[in-house]
Amino acid sequence: MSARIIDGKEFAARLRARVAATTAELKSAHGITPGLAVVLVGEDPASAVYVKSKGKAAHEDGLRAYDIRHPATLSQEALLAQIRDLNADASVHGILVQMPLPSQIDPQAIIAAIDPLKDVDGFHPLNAGRLMSGEYGVSHGLVACTPLGCMMLLKDVLGDLTGKDAVVIGRSNIVGKPIAQLLLQESCTVTIAHSRTRDLAALCARADILVAAVGRAEMVRGSWIKPGATIIDVGINRIEVDGKNKLVGDVAYAEAAEIAGAITPVPGGVGPMTIACLLRNTVVAAALQAGLNPPAI
Ligand code: NAD
């Protein structure tokens, strides 16, 4: 194995230490305790685990966490009313509605109802547009947490990304598209691949930076990878090995690690960065709402 392993767990711990320090400073200098409301509709076990870990992490870093749960039968109107209440609540600086939502609720209507200044997921159309226009980026504004975490890792590993060929596999609004925007802001030459892309292997072979955000276990083979490339594996896939559940990414890790220059493991790569960036966004949101200069964290 030759690739450097990009330790997202360790980087996330350092980021969270900065979040905790900034939170303490906001409290002591301005009397503000950043507040994060996490709303869960229904009892999906995976979502419940995510919500619990987000609340726990917020507490640990000194933020105030509001854990709001609703039955799966909740109407869209009732959820919109909840969002309006949270928008009006001055102690809540960040609102996260856990996806996926039950089928009677339109996720776009919910995302659009969140106050853009409290949109710590960065999914509101206004914030997505601010990212597109360059007003928001890796070091400023409210940018979607997983893409932001990926970029922090990439900048930490590579420093200046100017001129690098980057291939992003996946075009979702929550991962693929925002990562592509952030890479473009860093002056990479960006290609977005997706389910209809032809000859994906040949495209990947050109990539100095390869980001996989697909949701297909070990789809990207070692033979696709340019020697020395930096690989960011966003995928989280549950597979069964010898009767036991195992988490793997979208990249065939053992093969890829022989060829790549640096690679994120799954688990322990991008995953821990997502929660750390959510807390970072909540602290930034609290500062923005108070009219303060956003902290550089
Ligand atoms: P999605 O299903 O919304 O999007 C998947 C994308 O992959 C689509 O754009 C599709 O065009 C593309 N795709 C599908 N099959 C393909 C193929 N054969 N070749 C090329 N492209 C193909 O998924 P998402 O929400 O963007 O998430 C992607 C993965 O990232 C999932 O495994 C998800 O669990 C994971 N994820 C991880 C984190 C984290 O914190 N680490 C956060 C969000 C998502």
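A residue is called buried here when its relative accessible area is under 20%, exposed when over 50%, and partly exposed in between (1.4 Å probe, protein chains only). The structure is a predicted model, where local features need pLDDT of at least 70 and side-chain atom pairs count only at pLDDT 80 or more, while totals for chains, interfaces and linings use all residues. Residues are numbered from 1 along each chain as its sequence is written, and side-chain values use heavy atoms, with hydrogens and water left out.

Let's start with the charged pairs. A salt bridge is a side-chain nitrogen of Lys or Arg within 4 Å of a carboxyl oxygen of Asp or Glu, and the whole structure holds 11 of them. In one, Glu10 meets Arg14, with the closest N and O atoms 3.1 Å apart. Both residues sit in helix H1 (residues 8-30), 4 residues apart, about one turn of the helix. Helices (H or I, at least four residues) and strands (E, at least two) are DSSP runs, numbered from the N terminus. Glu10 is partly exposed at 39% relative accessibility, and Arg14 is partly exposed at 38%.

Another salt bridge joins Glu255 and Arg221 (2.4 Å, N to O). Glu255 belongs to helix H9 (residues 253-259) and Arg221 to the loop between strands S7 (209-212) and S8 (230-233), so this pair ties together parts 34 residues apart in sequence. There is also a network of salt bridges linking Arg16, Lys56, Glu60 and Asp61.

Now look at the sheet. Strands of a sheet pair through backbone hydrogen bonds, either parallel or antiparallel. Here 3 strands make an open sheet, ordered S3-S2-S4, with parallel pairing; two strands pair if DSSP finds at least two bridges between them. Strands S3 (64-70) and S4 (94-97) are at the edges with a single partner strand each, so one side of each has no neighbour in the sheet. S2 (residues 35-41) pairs with S4 over 4 bridges, and Ala37 stands opposite Ile95 in S4. Helix H3 (residues 76-88) packs on the sheet, touching S2, S3 and S4 (contact means heavy atoms within 4.5 Å). The direction of H3 makes about 165° with that of S4; axes are lines fitted to C-alpha atoms, for helices over the stretch in contact, and angles run from 0 to 180 degrees between N-to-C directions.

What about disulfides, meaning pairs of cysteine sulfur atoms within 2.5 Å? A search of the whole structure finds 0. For Cys150, the nearest cysteine sulfur, in Cys277, is 8.7 Å away. Cys150 is buried, at 1% relative accessible area.

Note on methods
A disulfide is a pair of cysteine sulfur atoms within 2.5 Å.
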